[in-house]
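Here is a short briefing to read alongside your model. Keep the sequence and the 3D view open as you go.

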Amino acid sequence: MGKGIDQAALTQRPFFFCGIGGSGMLPLAQILRGMGCEVAGSDRSYDQGRTPEKFAWLASNGFTLHAQDGSGLTSSNQVLVASAAVEDTVPDAARAKELGCERLTRAEVLAMLFNQAGYSVAIGGTSGKSTVTGMIGTILAAQDYDPTIMNGAVMKNFIAADNQFASARVGRPEIFVSEVDESDGSIALYRPTIGVLLNVSLDHKSLEELRDLFGNYLASSGCGVVNFDNDEARKLGQASMTDGKGQMISFAVDHPHVDITVEAGSVVEGPFTLQAKVIDSRANEAAALTLPMPGLHNLSNALAAISAANAAGISVADAVAALNQFQGLARRFDVIGTSPSGITVIDDFGHNPEKCAATLRTLKGTPGRVIAFFQPHGYGPLRQMGDELAETFARELDAGDITVMCDPVYYGGRVDRSEGTERIIKLIEDAGGSARHIAAREDCGTHIVEIAQPGDRIVIMGARDDTLTGFAKSLFSQLK
């Protein structure tokens, strides 16, 4: 990293997280705290009184919280952990610079811990990373590997009375499992023992950039675990093997001639569950898998986790047995409940075209109208993938289904807000879909409750906003 810090020195340095409650920052703060580090932080949501239960938990578990006004930085010995997007004018950043504090990004700290572990498993791809990370962590923990796990979502298997925010698991630091992010290019920092590649599709970067990033990622992995159902991932996996030096385990639901797959005709999908027979074609062995979530994309995620565990020395049968105990993740097709009149509310992290398509396709696999609420997570992402998002909602939903969108999330700062949700709504309508733009999220909720009918499935989609779960729960309460 060239920043002057190694893992041996971590416990000697106090860390200060700018945005400590964020989905990427919180689990890393948990891991550092679990390693014995002094960890403090600030968060705009803390200042604004949003998600108070999260910050109450942080305070009660030894994390010192400060207003995001620079007051928490008092010594040049502190290390500021902040997103690269945090400008120098932000009070915490300005105060750190004034004091001469070292500043690192979340990815730089994570990569340092990850690369210095003796055995590491990275999960990359544009969709499914958090789910597969939770699945792999569940398998390794069940097999007594005692892994440290860094995730971007709460893993239900590891929730405890004293930890309702289990997006991290603190175990042996020498066995490290983490999702790795391509959106900011930081995937290039990691050198995994096992590198999982789930898929390659348009998200925050162009396909050309993604091919370079993921190709280099596989080249840096001791063993690649690659999804052959995804054309882009398969080509990169095959290219990584051309020099004869790499190792690879291939998996797929539908593609022939892979190492780990499912038996033809064995997939049984219910509204909220999925069953299949997993085949290790190398050993001609089979094991029965049951998942507490539907969708062929989740079956693909399970095969990825089983394959990664197999690369780590766990038999397919043992991996499947452990995965049968997987409870899922918060905000990943998370069923909030079904009202007495039969209206189901689902909380989901879908925010890019591929994630949204997978969720909507799963919902349309069973009868009933879909009311899809989508909160864009920023003006920039909406410009980057707005056309593809509109195409996704128009393609995946039927004429009787309804898409409802509010304005993009905006917490201030200098950002181009000239292109908003209205354009996406028009694109959906032009493609034959039914879509409505209601600027305020609360008003969207009121409208959804008014139009909901028995048998409807209401799905709440969006990213980078923990209050979406509360929004989903409030809709369910009103429907009850």
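Two strands pair if DSSP finds at least two bridges between them; strands (E, at least two residues) and helices (H or I, at least four residues) are DSSP runs, numbered from the N terminus. This is a predicted model, where local features need pLDDT of at least 70, side-chain atom pairs count only at pLDDT 80 or more, and totals for chains, interfaces and linings use all residues. Residues are numbered from 1 along each chain as its sequence is written, and side-chain values use heavy atoms, with hydrogens and water left out.

**Strands around S15**
- S15 and strand S16 (residues 285-291) are antiparallel partners over 7 bridges, and aspartate 280 has glutamate 285 of S16 as its bridge partner.
- The S15–S16 hairpin has 4 residues between its strands, and asparagine 284 in the turn shows a positive phi of about 55 degrees.
- Strand S14 (residues 268-269) also pairs with S15 in the antiparallel sense, over 2 bridges, with valine 268 opposite glutamine 275.
- Strand S13 (residues 260-262) runs antiparallel to S15 and is joined to it by 3 bridges; here valine 262 faces valine 278.
- In S15 (residues 274-280), 5 of the 7 residues are buried, meaning under 20% relative accessible area (1.4 Å probe, protein chains only).

**Cysteines**
- The structure holds 0 disulfides, a disulfide being a pair of cysteine sulfur atoms within 2.5 Å.
- For cysteine 406, the nearest cysteine sulfur is that of cysteine 444, 5.1 Å away.
- Cysteine 406 is buried, at 2% relative accessible area, and cysteine 223 is buried too, at 11%.

How values were computed:
Buried < 20%, exposed > 50% of the residue type's maximum accessible area, 1.4 Å probe, protein only.
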